[in-house]
Amino acid sequence: MLAVEKLSHSFSNGGEITPVLHHIDFSVDKGEMVALLGSSGSGKSTLLNLMAGLMKPTSGRILIGGIGIETMNENRLAEFRRSQIGFIFQSYELIPHLTVRENVELPLVFQGMKAKLRRDKAVSLLAKVGLGEKTEMFPSQLSGGQQQRVSIARSLVTEPAIVFADEPTGNLDTKTEKEIIDLLIELNRTLDITFVIVTHELEVAKRTRRVIQLRDGRLVEDAVWAGEDD
Ligand SMILES: Nc1ncnc2c1ncn2[C@@H]1O[C@H](COP(=O)(O)OP(=O)(O)OP(=O)(O)O)[C@@H](O)[C@H]1O
């Protein structure tokens, strides 16, 4: 599903070169749920931006569904991102003047889908994330955890190949954090969604089966928790 091959990245600012990622290699199968764990500055955001096609790597490859995204031009990449990649952000990134349902429908508007079909898909996903009663409310009328549920529904509405979650519980209290991770685990199991969850919190990483750990831009651990979960 996702393959990262000999991926290295350096930033260059006015002649000064900062190496940030060094020969990262790993792959994620369809239906896996993986935490990408690392402390601040370890290179998680850079790796996420590269995997999502938001930046081009200095060297190495990123394949999603067997397709190398690092060689795509901007138009192709934008289209690929819209159809194949879902995003969940720490700060939800909902549009305040659209209802919950309209927020979830929005990626389908960009795909040109007919209104009735869009609406049905959004309503069905909102029910799956536990917001069946809130579809006509506005984001500001919801709690942080509920807003993150909307953003999770939105990330799934295009039926992407893979969903990247960037510190999805970073703004939430411990109880809500647990509920959101429970939801992601349930969606992973019931809908076979492939998730890569970027986090600096060991507690979050412990809930996924597999953890890939970055330290100073290097992959230092790629492990499956023994005896985890069910
Ligand atoms: N545009 C840039 N130019 C130069 N250096 C950069 C740039 N962006 C990031 N870096 C450096 O790359 C390293 C990794 O940063 P990155 O944001 O990927 O880490 P992170 O693990 O996501 O950290 P955090 O959890 O704080 O977001 C840091 O040392 C950072 O200073």
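Which strands make up the open sheet of 4 strands, and in what order? Good morning, colleagues. The order is S2-S1-S4-S5, and the pairing is antiparallel. The edge strands are S2 and strand S5 (67-68), each of which pairs on one side only. Two strands are said to pair if DSSP finds at least two bridges between them. The strands (E, at least two residues) and helices (H or I, at least four residues) are DSSP runs, numbered from the N terminus.

Before going further, a word on the model. It is a predicted one: local features need pLDDT of at least 70, side-chain atom pairs count only at pLDDT 80 or more, and totals for chains, interfaces and linings use all residues. Residues are numbered from 1 along each chain as its sequence is written.

Let me stay with this sheet for a moment. S1 and S2 run antiparallel and are joined by 9 bridges. Within that pair, Phe11 stands opposite Thr18 in S2. The two strands form a hairpin with 2 residues between them, and Gly14 in the turn has a positive phi of about 50°. S1 is also joined to strand S4 (residues 59-64) by 5 bridges, again in an antiparallel arrangement. There, the bridge partner of Ser8 is Ser59 in S4.

I turn to the ligand. How many residues surround the ligand? The number is 13, and the closest are Phe11, Ser40, Lys44, Ser45 and Thr46. Here a residue is near a molecule if its C-beta atom, placed from the backbone, lies within 6 Å of it. Strand S1 (2-13), strand S2 (16-28) and helix H1 (44-51) each supply at least two residues of this shell. The largest share, 3 residues, comes from H1.

Now the helices. Axes are lines fitted to C-alpha atoms, for helices over the stretch in contact, and angles run from 0 to 180 degrees between N-to-C directions. Angles under 35 degrees count as roughly parallel, over 145 as roughly antiparallel, 65 to 115 as roughly perpendicular and the rest as oblique. The axes of H3 and helix H5 (residues 144-156) come within 7 Å and cross at roughly 30°. H3 is therefore roughly parallel to H5. Their crossing is right-handed, a term used if the near helix is turned clockwise from the far one by less than a right angle, with left-handed for anticlockwise. H5 and H6 pack at an angle of about 20°, with their axes 10 Å apart. That makes H5 roughly parallel to H6, and H5 passes H6 in a right-handed crossing. The axes of H3 and helix H4 (residues 115-128) come within 9 Å and cross at roughly 125°. H3 and H4 are therefore oblique to each other, and this crossing is right-handed.

Finally, I wish to point out some individual residues. Tyr92 lies in the loop between strand S6 (85-88) and helix H3 (100-110), and has a positive phi of about 65° although it is not a glycine. Is Tyr92 buried or exposed? Tyr92 counts as buried, because 20 C-beta neighbours lie inside 10 Å. The cut-offs are 20 or more other C-beta atoms within 10 Å for buried, 12 or fewer for exposed, and partly exposed in between, with C-beta atoms placed from the backbone. Glu93, in the loop between S6 and H3, has a positive phi of about 60° and is not a glycine. Glu93 has 13 C-beta neighbours inside 10 Å and so counts as partly exposed.
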